[in-house]
Amino acid sequence: MQIKGETSVNKLILLFVFDKMESPLSERTIIDMCTLSNDWINYMDCVVLIHKLISDGFICEIPSADDPLYIITPEGRETLANFYINIPRSAREEISRFVKNNSAKFRTRQDCKADYFQNKDGTYTVFLKILAPVQPMLELKFVVPDKKTANTIFKKWEDKASELYSVVYETLVD
C-alpha cells in the first residue's frame, strides 16, 4: 500500500498510526508496524519522517527508562484532523483494522524487554523488565546454568510477563 513519493501523505499516515495506537510508541515499534509488518511506508522514508515529525512538533519524545518513546502532540492531532481526508480511505481502513487486531501485541513487545549474557563461570544471567513510561514497573535478574535455559526464558518473557507480574504483586501485597 506504499504511496510512493507522497511525503505529506506518509507523514499523515504516521500521525494516524500514533492516533490509533493511543499510547507512546518507540521508534522500533513504529518502524516495525509501518514497514516490516505492513507495507505502508518504506523503511528509509519512515525513519526520516519520524524525525521530521519531531522537528515539526507533531510528535514529541517523552522520558522513558530505556528506548525513547514518542507521542502525538496537540499540533499533530490538529494537523491530522485538518488533513485526514488526504489519507486514502483504503489506507485508513487497513491501518485501523491492523491496529485493532495487533495493538496489544505491539504494546507488550515494546513494554517487555529481555536480554541475557554468559558469565565468566559459564552460567548465564538473564535480565527481564516490564517498562512503564517513566520507570520500570518490574526488573528481574536470573542466573541460570546454561544458554538453553537462558534462551527459553528470553523467548517466553513477552508472553508471560503480565502473568508473572500479577503473581509477584499479589504475593507481595497480600
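**Figure 1. P88, a partly exposed proline in the loop between α4 and α5.** P88 counts as partly exposed because its relative accessibility is 30%. The 1.4 Å probe was run on protein chains only; buried means under 20% relative accessible area, exposed means over 50%, and partly exposed falls in between. P88 and M44 are 44 residues apart along the chain. Their C-alpha atoms are separated by 21 Å. The model is predicted: local features need pLDDT of at least 70, side-chain atom pairs count only at pLDDT 80 or more, and totals for chains, interfaces and linings use all residues. Residues are numbered from 1 along each chain as its sequence is written, and side-chain values use heavy atoms, with hydrogens and water left out.

**Figure 2. Overview of the protein chain, with six helices and six strands.** Helices (H or I, at least four residues) and strands (E, at least two) are DSSP runs, numbered from the N terminus. From that terminus, the order of elements is α-β-α-α-β-β-α-α-β-β-β-α. Along the principal axes, the C-alpha atoms fill a box of roughly 55 × 35 × 30 Å. Of the 174 residues, 39% are buried. Take the contacts between residues at least 6 apart in sequence: 54% of them join residues at least 24 apart. Contact means heavy atoms within 4.5 Å.

**Figure 3. Helix α2, largely enclosed by the rest of the structure.** The helix covers residues 27-36. Seven of its ten residues are buried, so the rest of the structure largely encloses α2. The buried residues are T29, I30, I31, D32, M33, C34 and T35. Their cover includes helices α1, α3 and α5. Strand β1 (25-26) is also part of that cover.

**Figure 4. Packing of α2 against α3.** Two packed helices are described by the angle between their axes and the distance between the axes. Here the angle is about 140° and the axes lie 10 Å apart. Axes are lines fitted to C-alpha atoms, for helices over the stretch in contact, and angles run from 0 to 180 degrees between N-to-C directions. The angle makes α2 oblique to α3. Under 35 degrees would be roughly parallel, over 145 roughly antiparallel, and 65 to 115 roughly perpendicular; the rest are oblique. α2 passes α3 in a right-handed crossing. That term applies if the near helix is turned clockwise from the far one by less than a right angle; anticlockwise is left-handed. From α2, the contact uses E27, I30, I31, C34 and T35. From α3 (residues 43-55), it uses Y43, C46, V47, I50 and H51. By class, seven of these residues are nonpolar, two polar and one charged. Ala, Val, Leu, Ile, Met, Phe, Trp, Tyr, Cys and Pro count as nonpolar, Asp, Glu, Lys and Arg as charged, and the others, Gly among them, as polar.

**Figure 5. Packing of α1 against α2.** The two helices pack at an angle of about 115°, and their axes are 11 Å apart. The crossing is right-handed. L14, V17, F18 and M21 of α1 meet I30, M33 and C34 of α2. This contact has seven nonpolar residues, no polar and no charged ones.

**Figure 6. Packing of α2 against α5.** The axes cross at roughly 145° and come within 11 Å. This crossing, too, is right-handed. R28, T29, D32 and M33 are the α2 residues in the contact. On α5, F98, V99, F106, R109 and Q110 take part. Four of the contact residues are nonpolar, two polar and three charged.

**Figure 7. The aromatic pair F16 and Y84.** Rings of Phe, Tyr and Trp (its six-membered ring) pair if their centres lie within 6.5 Å; planes under 30 degrees apart count as stacked, over 60 as edge-to-face and the rest as tilted. F16 lies in helix α1 (residues 7-21), and Y84 in the loop between α4 (74-83) and α5 (89-111). The pair links distant parts of the chain, 68 residues apart. F16 is buried, at 2% relative accessible area. Y84 is partly exposed, at 36% relative accessibility. The count of aromatic pairs comes to six. Elsewhere, ring pairs link Y116, Y124 and F154 into a cluster.

**Figure 8. K155, an exposed residue of helix α6.** The helix spans residues 147-173. K155 counts as exposed because its relative accessibility is 59%. K155 and A114 are 41 residues apart along the chain, and their C-alpha atoms are separated by 8.4 Å.
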